[in-house]
Amino acid sequence: MNFDNKKIMPRFFVVIVLMSLGGLYILGNAAYLMFVESEYWTQVSRKLVKENVPIPAKRGNILSADGQIMASSLPEYKIYMDYVASDKNPETAKELQAWRDSVLMADLDSISRGLSKIFPDKTAGYFKKRLKKGKKLRRRNWQIYGRRISYIQYKECKKLPLFRESPFKGGFYAEEFNQRKKPYGSLATRTLGALYASKDSARYGLELSYDSILRGKEGVSHRAKVRNKWLSLVDAPPVDGNDIETTIDVSMQDAAEKALLKQLKNINGDVGVVVLMEVATGDVKAIVNMTKCADGEYREVKNNAVSDLMEPGSTFKTASIMVALEDGKISKNDFVDTGNGQWEMHGRVMKDHNWRRGGYGRISVPEVLMYSSNIGVSRLIDDNYKDHPEKFVDGLYREGVGIPLNIPLMGSGEPRVRRPEKDGSNWSKTALPWMSIGYETQIPPIATLTFYNAIANGGKMVRPRFVKAVRKNGEIVREFPVEVIKERICSPKTLDDIQEILEMVVSKGLGKKAGCKDFKVSGKTGTAQVAQGKGGYHGGRMKYLISFCGYYPSDRPKYSCIVAIQKSGLPASGGGHCGPVFSEIAQSVMAKGVYRDVSEASDSASVFVPDVLDGDLNATRAVLKELDIPFKQDWSTDKGGKSVWGKAVNNGNAVTLRGDNTPMEIVPDVKGMGAKDAVYMLEGRGLKVKLEGVGRVVSQSIPPYVKYKKGQTIQIKLKR
């Protein structure tokens, strides 16, 4: 085949020239866009793209030891109106603005009435005025209702004219928040913690201590207009927070709270604390903190169990006697003279509680603890350690008393057990006798319990544990093992002696009221005067810290517990006032499953299910499905998605939705409904409704299931 090279070369030359010119044209346009029109296109991109829009992550749940939800996040919303329509095409934006304004004004009355039905605390007139004002001011983020609203209320709003349109067309939009809910109300609330509602950030308790685990990681998205439609494009999806499995047992927590609250009311206590611990693991099964408020009611105000640094009083005597036994200074067969109940100790008079009755005289070492003799303990310690008080304090630390517990709760206090300086500058001759009976030291209740738990645990001291595991989608992704603080707090011989004595305190001594008929209990009573600021222990009405700390069953300890109450004035008795609380809790826990059903502990005022309002059952069903809450549907027809009115009944395990088939000419039973549903149902029958109060319907002026006349007025009373 022959080729004519002279003909081919001009053709290649033409192609090369055309390609070169095309390339130069492209480069020229690129340069023009970069240097001449760069500012214009930058402004356009800013209008069309909204970068780095955070996508909130769902906060993890806080679970009880048996998987019950103790704190969870549910969505809440703030609703707004954007009165300024926007589009890159000015003509399109102008047309959209005209349409939005005309629809708003045409349906203003309908929208206002609809909002008033959804939020009955505000009138239709209020919403009409509010919406018109926002339109006049041309605000882009005009808040329609002043408070956060529920998912159900938000969905109802989306049914209204204009509001049902997309945010970019109709202007109605919502800001979503995760609201923390507690199905068991105030149960263990100071330990579980709380969030700042406005910021959804942790304030205190386990919510704060494990915030990084619960919070998760928010995602990132941006909005861009593609083919004249706004799209939300996800750059990085959110990572939902993990759940934490606590050691709290709901039924034990409830039993402890009820027992303590009853006694606080009986004796007019100021502050009450209960901590219940599993001996082998240190798991805190229940922790109660109750403070008497100005209105006379008791509430969880502060986590006193872990934060209060107070002189423990006579529960400390066990540690003092243990030091002397371990050092071989005394034996359980020794005796000490306590005289007539009063004894001078380096210029100060030490008294026993029965000094007015002549005291105990000569008693044995076990009897010293059985009868909680101040003189007996202080004499045994002072006689053996007064020349070397540092050896006594060293013995306390050797036992684990005074060791920081490093509890994972903000604000937790650490024991303060003073060591004598070599020059004696921080010590006096009376320091040792009074320290030995529980003064001159500050120890939070949970630290005292940790020491007694070690006695029950064969001498092994374990750290109190509040969280056992981290879960993701139900699967354990991290475990928190039992932490041993000290393998042995004393020798087996000393431990045997102390265990025997503590059992005698309950069976024969001042701790009898802490005993249980079905099993043996061991422990120690405590009563201490509380220093009143600069006035010390004098002036005004005396305050006392009374307590009982122990464990059960004595032969094979399963649980340890401390009950501590602060009260003003006499009588004040650790055994007499705290012992019965300990006994009631112990019997309840050992008979777990008989005392109370877990569901009975649920706070009936909680909005986190299982308490569901009567009303539109289709709407209720949708929400229960969304929240994955078990329910049973008890109506025959679905009415094609239309409203089905009826009752929501909680049977403990699920919510039963029962349809109401009341004929339209008959007055329905609206008791138990919210105001919105009740008004909607009654007005739908032609009745005029008058409301009184807030909450749910408790009575109606026209009784249910009777005939009525259209236009007749019915008054319904509501109560929280």
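Helix H11 (residues 250-267) and helix H20 (residues 574-590) have axes that come within 9 Å and cross at roughly 155°. That angle makes H11 roughly antiparallel to H20, the label used for angles over 145 degrees, with under 35 counting as roughly parallel, 65 to 115 as roughly perpendicular and the rest as oblique. Axes are lines fitted to C-alpha atoms, for helices over the stretch in contact, and angles between N-to-C directions run from 0 to 180 degrees. The crossing of H11 and H20 is right-handed, meaning that the near helix is turned clockwise from the far one by less than a right angle.

The model is predicted: local features need pLDDT of at least 70, side-chain atom pairs count only at pLDDT 80 or more, and totals for chains, interfaces and linings use all residues. Residues are numbered from 1 along each chain as its sequence is written, and side-chain values use heavy atoms, with hydrogens and water left out. Helices (H or I, at least four residues) and strands (E, at least two) are DSSP runs numbered from the N terminus.

On the H11 side, the contact (heavy atoms within 4.5 Å) is made by residues including Met-252, Ala-255, Ala-259 and Ile-267. The H20 side includes Gly-576, Pro-580, Val-581 and Ile-585. By class, the contact of H11 with H20 has 10 nonpolar, four polar and two charged residues. Nonpolar here covers Ala, Val, Leu, Ile, Met, Phe, Trp, Tyr, Cys and Pro; Asp, Glu, Lys and Arg count as charged, and the others, Gly among them, as polar.

H20 also lies across E11, E24, E25 and E26, running at about 35° to E25. These strands belong to an open sheet of six strands in the order E13-E12-E11-E26-E25-E24, with antiparallel pairing; two strands pair if DSSP finds at least two bridges between them. At the edges are strand E13 (298-299) and strand E24 (522-530), each pairing on one side only. Strand E12 (residues 284-292) pairs with E13 over two bridges, and Thr-291 has Arg-299 of E13 as its bridge partner. Helix H18 (residues 445-456) packs on the sheet as well, touching E11, E24, E25 and E26, with its direction at about 30° to that of E11.

Elsewhere, Asp-66 lies in the loop between strand E2 (62-63) and strand E3 (69-81). Asp-66 is partly exposed because its relative accessibility is 45%, between the limits for buried (under 20%) and exposed (over 50%), with a 1.4 Å probe and protein chains only. The C-alpha atoms of Asp-66 and Glu-245 are separated by 8.4 Å, although the two are 179 residues apart along the chain.

Seven of the nine residues of helix H22 (residues 675-683) are buried, so H22 is largely enclosed by the rest of the structure. Among them are Lys-676, Asp-677, Val-679 and Leu-682.
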